[in-house]
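Student: Please put the model on the screen, and let us work through its packing and side-chain pairs by question and answer.

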Amino acid sequence: QWVAQTETPLLTSFDPDTLTTTGRIVYDDDEVIHVASAHGMTDAQGCYWNVGLEIGPRCTYKLFRIAPGRRTREVLARWSVRQAGYLHAFAMTPTHAIVWQPAMRLNAIKLALSGKGFIDSFAWNAALGSQIDAVSLADGSVRSWAVPAMTAFHAVQAFDEGDGGTLVLDLCTNDGPEIFAALQMERLRAGQPVGVPHRVQRYRLEPGRSEAQPHTLVQGASVELPSVHGAYWGKQRSRHAWFAGFDPDGRAPMFDRTVKLDLDGGCIAGTWQREAAVQMEPLFVDRPGST
């Protein structure tokens, strides 16, 4: 069944031929989830995976899956924090789900009482910093690492490194909250450039440590909306990734190029542009019969 989703817990089914919506998915459970990742995933066995957030005085993250043919959100792990970070996506390896908490933190009381928009209940908290949580798919245990304050929407990839339990997460990040203001509709309609540099940073999440320092993989590449070959996503390490890229001179209002990065070589492997076009998230389609 095809579904459309965003940062709400609602899944809307639709006809893939006509795009006509055919109703909301009704769950067969009583789980309370107010916000969910906009990028749920379906594994090779047909299970749908996602991370949701129950908002309250302490916010609770929930990793859940829905088995094929069912409508029950089976929660594999729950963990609570005082102020949740802005949740947009998560990543998976064969052994773990990985969730990052940006320094853009939610004020649950303000959300409940202010009557303003959702984003108005968030505030940048550099002192609290950011955090990356890894949830074991085997037993639901959660390990956490403190990382420098950042904003991140999308993961490029995540993978298991060797047999020692180290996890690696590649994220598109920036250092502050400016991207939220830059993407407001008034600015976009006025054609103002986003003007917020992004970079791809790698975090090595090592057992026995409580902190992880990022390493920038490719200097001089301001990119977002990543894509890798589907055979690698959530399964193994990919050397190459494709992105929507920002104009390095800051003249184009939005993404104006498609960029291929060599993550191992630390360089830009290719750039493609079409005149007077906005170039959004690249989608990798492998050649039939390719290896």
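Tutor: Residues are numbered from 1 along each chain as its sequence is written, and side-chain values use heavy atoms, with hydrogens and water left out. The model is predicted: local features need pLDDT of at least 70 and side-chain atom pairs count only at pLDDT 80 or more, while totals for chains, interfaces and linings use all residues.

Student: Which residues have the most contacts inside the largest nonpolar core?

Tutor: A nonpolar core is a set of buried Ala, Val, Leu, Ile, Met, Phe, Trp, Tyr and Cys residues joined through side-chain atoms within 4.5 Å. Buried means under 20% relative accessible area, exposed over 50%, and partly exposed in between (1.4 Å probe, protein chains only). The largest such core has 35 residues, and those with the most contacts inside it are Leu53, Tyr61, Leu63 and Phe90.

Student: Which strands are the edges of the open sheet of 4 strands?

Tutor: Two strands pair if DSSP finds at least two bridges between them. The sheet has the order β9-β10-β13-β14, with antiparallel pairing. Each edge strand pairs on one side only, and these are β9 (91-92) and β14 (142-147).

Student: What is the bridge partner of Ser130 in β14?

Tutor: Strand β13 (residues 130-136) runs antiparallel to β14 and is joined to that strand by 6 bridges. Val135 has Val142 as its partner in β14. For Ser130, the partner is Val147.

Student: Which residue in the hairpin of β13 and β14 takes a positive phi?

Tutor: The hairpin has 5 residues between the strands. The residue with a positive phi, near 75°, is Gly140.

Student: Is Leu261 buried or exposed?

Tutor: Leu261 lies in strand β21 (residues 257-262). Contact means heavy atoms within 4.5 Å, and, leaving aside neighbours within four places in sequence, the contacts of Leu261 include Val200, Val218, Phe243 and Ile268. Because its relative accessibility is 0%, Leu261 counts as buried.

Student: How far apart are the C-alpha atoms of Leu261 and Val200?

Tutor: Val200 is among the contacts of Leu261. The two residues are 61 residues apart along the chain, and their C-alpha atoms are separated by 9.6 Å.

Student: What kind of aromatic pair do Phe246 and Phe255 form?

Tutor: Rings of Phe, Tyr and Trp (its six-membered ring) pair if their centres lie within 6.5 Å; planes under 30 degrees apart count as stacked, over 60 as edge-to-face and the rest as tilted. The whole structure holds 10 aromatic pairs. Phe246 and Phe255, both buried, have centres 4.5 Å apart and planes at 40°, so the pair is tilted.

Student: Which residue lies over the face of Tyr27?

Tutor: A charge sits over a ring if NZ of Lys or CZ of Arg is within 6 Å of the ring centre and within 35 degrees of the ring normal. At 3.9 Å from the ring centre of Tyr27, the residue is Arg73.

Student: Which residue forms a salt bridge with Arg65?

Tutor: A salt bridge is a side-chain nitrogen of Lys or Arg within 4 Å of a carboxyl oxygen of Asp or Glu, and the structure has 16 of them. Arg65 is partly exposed at 27% relative accessibility. With the closest N and O atoms 3.0 Å apart, its partner is Glu74.

Student: Are Arg257 and Asp256 buried or exposed?

Tutor: Their side chains meet in a salt bridge (2.8 Å, N to O). Asp247, Asp249 and Arg251 are linked with them in a network of salt bridges. Arg257 and Asp256 are both buried.

Student: What is the phi of Leu19?

Tutor: Most residues other than glycine have a negative phi. Leu19, in the loop between β2 (12-14) and β3 (21-24), is exposed, with a relative accessible area of 61%. Its phi is positive, near 65°.

Notes:
Helix = DSSP H or I, 4+ residues; strand = E, 2+ residues; numbered from the N terminus.
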